[in-house]
Amino acid sequence: MKKTFALFFLSLTPDLTKYVSQKVKDLPHRIIPGVLTKEKLDPKTEILGVFTDSKITKDVFAALPKLQLIITFSTGFDHVDLAEAKRRGIPVCNVPTYGDYTVAQHALTLILALSKKLFESVKRVKEGNYDYHGMRGFDLQGKTLGVIGTGKIGQQLIRMIQGFEMNIIAYDPFPNKVFAKEHKFPYVTLDKLLKTADIITLHVPLLKETHHLLNKKNLAKVKPSCYIINTSRGGLLDGEALLEGLQKNTIAGAGLDVLEDEEVMRDPVLIFSEKCSECRVKTSLINAMLIDHPKTIVTPHNAFNTIEAIYRIIDTSLHNLKTWRSGKTQNNVV
Ligand code: NAI
């Protein structure tokens, strides 16, 4: 077994920090709560473990000359500069399947909450107003759900939503015809999905090609009664176009677990980091307006966060580490 120094940036409850520490007790390591910053980096780090809120940029690679392995405690890996990892021959290991059920459940939660105006209803009652007027929702039965991306999470949502007697249509450049036949739904073009769906839900990775997959041009095609759900990555959806649609009543509402450049929402000081400040100010303002908008529900990138899923994430990540220490690599995206 390789004896290497591991540095983890993980915000965990004390019991989970202890759990991780126990599992890697034979390895010199440090667990730092919170997000990776340059000041907190230790140049002797050979293994770096992070969550999605820590960006592994070229600068991070440059500051860690001994780095040999990156493990991300997540499915998504768009926070890691994969090209740089590849260039340096450093494997990046992720957790391919921990949260299909968990994230799909969150997407469903947002759909249900929007359909029954749950957030406003609860708020009203807590404020002492027990009046249902203005709180009318809509039935899911008979409505059409448009699923963009039918990978693991999209498929799990389709399985779940069938109990609600919704029509399902899907778009994916790599359609799973066997699954579609089993679950009796058609694949359609993105254009048709946008024009037909009553609720559109995104389950696609953030890549160069999927950045602003839903933008001003194609959001203009959706029905004014359409709701948009995003539990994938903020960068898939042009926030400015969404906000404009909500303000002009050309989009009915949105349930968002992710926002573009969302790390600034957690740490506003980042606005002044090396990335274009003006762009960050603009995106943050749009995010704040989306959060504040009466037709949205925004949650803080919480879709993955259940007790069961957290243990699955930690166990798979540490297994990735153990496998690497024994001389092999598993679940590596680079
Ligand atoms: P997956 O890899 O199983 O499926 C992704 C699907 O997207 C594939 O079927 C692929 O063909 C499709 N796709 C690729 N490009 C596309 C495009 N241009 N248009 C339509 N479809 C396209 O991924 P999985 O496990 O379903 O996860 C989806 C995303 O969910 C992840 O990439 C991650 O960003 C996000 N996620 C969010 C979490 C949260 O806490 N909010 C937690 C876990 C994942």
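Colleague: Which residues does Thr-299 touch, if residues up to four places away in sequence are not counted?
Modeller: Thr-299 touches His-106, Leu-110, Leu-256, Asp-257 and Val-258, where contact means heavy atoms within 4.5 Å. This is a predicted model, in which local features need pLDDT of at least 70 and side-chain atom pairs count only at pLDDT 80 or more, while totals for chains, interfaces and linings use all residues. Residues are numbered from 1 along each chain as its sequence is written, and side-chain values use heavy atoms, with hydrogens and water left out.

Colleague: Why is the pairing of the side chains of Thr-299 and Asp-257 called a polar contact?
Modeller: A polar contact is a pair of N or O atoms within 3.5 Å, and within protein one must be able to donate a hydrogen and the other to accept it, while residues adjacent in sequence count only if both atoms are side-chain atoms. The side chains of Thr-299 and Asp-257 are joined at 2.6 Å, so the pair falls within that limit.

Colleague: Which residues are the closest to the ligand?
Modeller: The closest are Lys-152, Ile-153, Asp-172, Thr-231 and Asp-257, among 23 residues that surround the ligand, a residue being near if one of its heavy atoms lies within 4 Å. An oxygen atom of the ligand is 2.9 Å from a polar backbone atom of Lys-152, and a nitrogen atom of the ligand lies 2.9 Å from a backbone N or O atom of Thr-231. For His-301, an N or O atom in the side chain is 3.4 Å from an oxygen atom of the ligand.

Colleague: What makes H4 oblique to H6?
Modeller: Helix H4 (residues 100-115) and helix H6 (residues 152-161) pack at an angle of about 55°, with their axes 8 Å apart. Angles under 35 degrees count as roughly parallel, over 145 as roughly antiparallel, 65 to 115 as roughly perpendicular and the rest as oblique, and the angle of about 55° therefore makes H4 oblique to H6. By class, their contact has ten nonpolar, two polar and two charged residues.

Colleague: Why are H1 and H13 called roughly parallel?
Modeller: The axes of helix H1 (residues 14-23) and helix H13 (residues 307-325) cross at roughly 20° and come within 11 Å; the two helices are therefore roughly parallel to each other. Their contact is made by Asp-15, Leu-16, Tyr-19, Val-20 and Lys-23 of H1 and by Ile-310, Tyr-311, Ile-314, Asp-315 and Leu-318 of H13.

Conventions: Axes are lines fitted to C-alpha atoms, for helices over the stretch in contact, and angles run from 0 to 180 degrees between N-to-C directions. Helices (H or I, at least four residues) and strands (E, at least two) are DSSP runs, numbered from the N terminus. Ala, Val, Leu, Ile, Met, Phe, Trp, Tyr, Cys and Pro count as nonpolar, Asp, Glu, Lys and Arg as charged, and the others, Gly among them, as polar.
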